[in-house]
Amino acid sequence: MLRSKTRSLFCLLLIGVTLLCSCGTPRLTQRDYFAMDTVITLSLPEDTDSAVFDGCEKMIVSYENMWSLTLPDSEISRFNRCDNTAELSGVTVDVLKRAYAVSAAGNGAFSLTIAPVSTLWKPFLRGEVQTPPTDEEIEQALAQVDDSLLSFQDQTVVKAAPNVAVDLGACAKGYACEQAVKTLAQQTPYGMVSFGGNIGVFGTKPDGSDWTIGIKDPAAPDQLCGSVTLQSGFVSVSGAYERYRAYDGITYHHIIDPQTGYPADSGLASVAVISEDGLVADALSTALFVMGYEESMALYRTEQISFEAVFCTSDGKILITPGLEGKFQKFKKK
Ligand code: AMP
Ligand code: MG
């Protein structure tokens with residue numbers, strides 16, 4: 001048996017190791033960037049032209065420029081400042097519409113209009129202010145958190161009140177990961193794109209084996225609690241361990257329950273969603289984290305959205321959806 005630390009390393013490198021071990025197969029070459037507030041890694045066949053990497057980086061930077069909440073001239077910042085409607089690009093409207101559908105399926109657990117509340121929490125989570133927002137501030141901001149205050153008229157997005165504001169933080173990386181995979185798949189036979197908690201894989205590796213994606217143990221994020229194998233598609237993880245800060249004996253994290261305005265407390269420490277759709281994987285991992293295991297499984301059974309998931313509970317259990325039987329390998333005892 002491999003000891004857990006060795007195993008973590010093995011699994012993180014598994015994709016590379018598989019290729020490196022297969023005699024005569026090209027190795028993966030890797031390029032890292034920092035964009036969209038996360039580390040992005042593209043792993044492509046060694047003979048991939050550097051223009052392919054450059055083109056993908058350019059595309060990702062253009063998404064950041066459109067959707068960042070910290071760039072005052074981004075489309076989303078302009079939309080958030082406007083009274084009613086701002087001119088948005090087709091790609092932004094596409095993202096908003098697709099994310100809106102996940103919001104509707106999850107009864108608002110993933111909320112596009114979370115911005116008034118999430119922007120209250122961000123300075124505290126980043127350590128820029130010393131205390132969490134007050135109950136009054138949260139209550140006031142929550143009044144604007146309701147995705148039915150957004151509507152679509154063809155290619156135009158309309159908000160019902162000037163203070164309604166959008167935060168794409170829970171779905172933009174998944175969309176960008178999906179678009180990167182789409183573009184790269186036209187230029188290289190196989191590869192992997194990693195955007196922090198979002199991973200996309202495509203194509204058949206030279207040895208024909210599936211891709212193996214390690215899932216971090218939320219109780220010890222430098223280790224893995226299991227791995228999922230898939231031929232192609234996306235895995236997105238939302239976890240309380242990603243961004244958090246303790247204050248006065250309470251740990252606050254970055255995934256907000258839109259019903260309360262406070263960090264979600266649904267009995268889950270992390271959720272990994274596996275989907276053929278990158279935006280859905282990302283938005284849904286946030287939604288399921290807020291919903292908790294039982295409500296997530298109720299959504300799964302409706303088959304309204306096609307997905308599989310790995311749930312890591314706050315008390316250390318690992319639960320999977322039935323479609324992952326035989327594809328998920330657990331490294332922990334519980
Ligand atoms: P993720 O790590 O994908 O779960 O996304 C978390 C980020 O999305 C946060 O940093 C916020 O910017 C935003 N966010 C937090 N809670 C929600 C929510 N319930 N619905 C939509 N976006 C959220
Ligand atoms: Mg997400």
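Modeller: Start with a term: a crossing is left-handed if the near helix is turned anticlockwise from the far one by less than a right angle, and right-handed if clockwise. Helices (H or I, at least four residues) and strands (E, at least two) are DSSP runs, numbered from the N terminus. This is a predicted model: local features need pLDDT of at least 70, side-chain atom pairs count only at pLDDT 80 or more, and totals for chains, interfaces and linings use all residues. Residues are numbered from 1 along each chain as its sequence is written, chains are lettered from A and ligands numbered from 1 in the order in which they are written, and side-chain values use heavy atoms, leaving out hydrogens and water.

Colleague: Which hand is the crossing of H6 and H7?

Modeller: The crossing of H6 and H7 is right-handed. Contact (heavy atoms within 4.5 Å) is made by Pro116, Val117, Leu120 and Trp121 of H6 with Glu137, Ile138, Ala141 and Leu142 of H7.

Colleague: New topic. Which residues of helix H10 are buried?

Modeller: Buried means under 20% relative accessible area, exposed over 50%, partly exposed in between (1.4 Å probe, protein chains only). In H10, residues 293-302, the buried ones are Ser296, Met297, Leu299 and Tyr300. They fall within an arc of 155° seen down the axis, so they line one face of the helix. That arc is taken from the directions from the helix axis to the C-beta atoms.

Colleague: What covers them?

Modeller: The cover includes helix H5 (90-105), helix H9 (278-291) and strand E13 (308-313). Glu294 and Arg301 are exposed, on the face turned away from the buried side.

Colleague: What comes just after H10?

Modeller: Glu303, with a positive phi of about 60°. Glu303 sits in the loop between H10 and E13. Its relative accessible area is 67%, so Glu303 is exposed. Most residues other than glycine have a negative phi.

Colleague: And the magnesium ion (ligand 2), what coordinates it?

Modeller: Ala170 (O), Asp282 (O), Asp282 (OD) and Thr286 (OG1), at 2.1 to 2.6 Å. Donors are N, O and S atoms within 2.8 Å of the metal (3.2 Å for Na, K and Ca); water is not among the atoms, so sites may look incomplete.

Colleague: Where do Ala170 and Thr286 lie?

Modeller: Ala170 is in the loop between strand E4 (156-159) and helix H8 (172-185), and Thr286 is in helix H9, so the pair ties together parts that are 116 residues apart in sequence. Thr286 is buried, at 12% relative accessible area.
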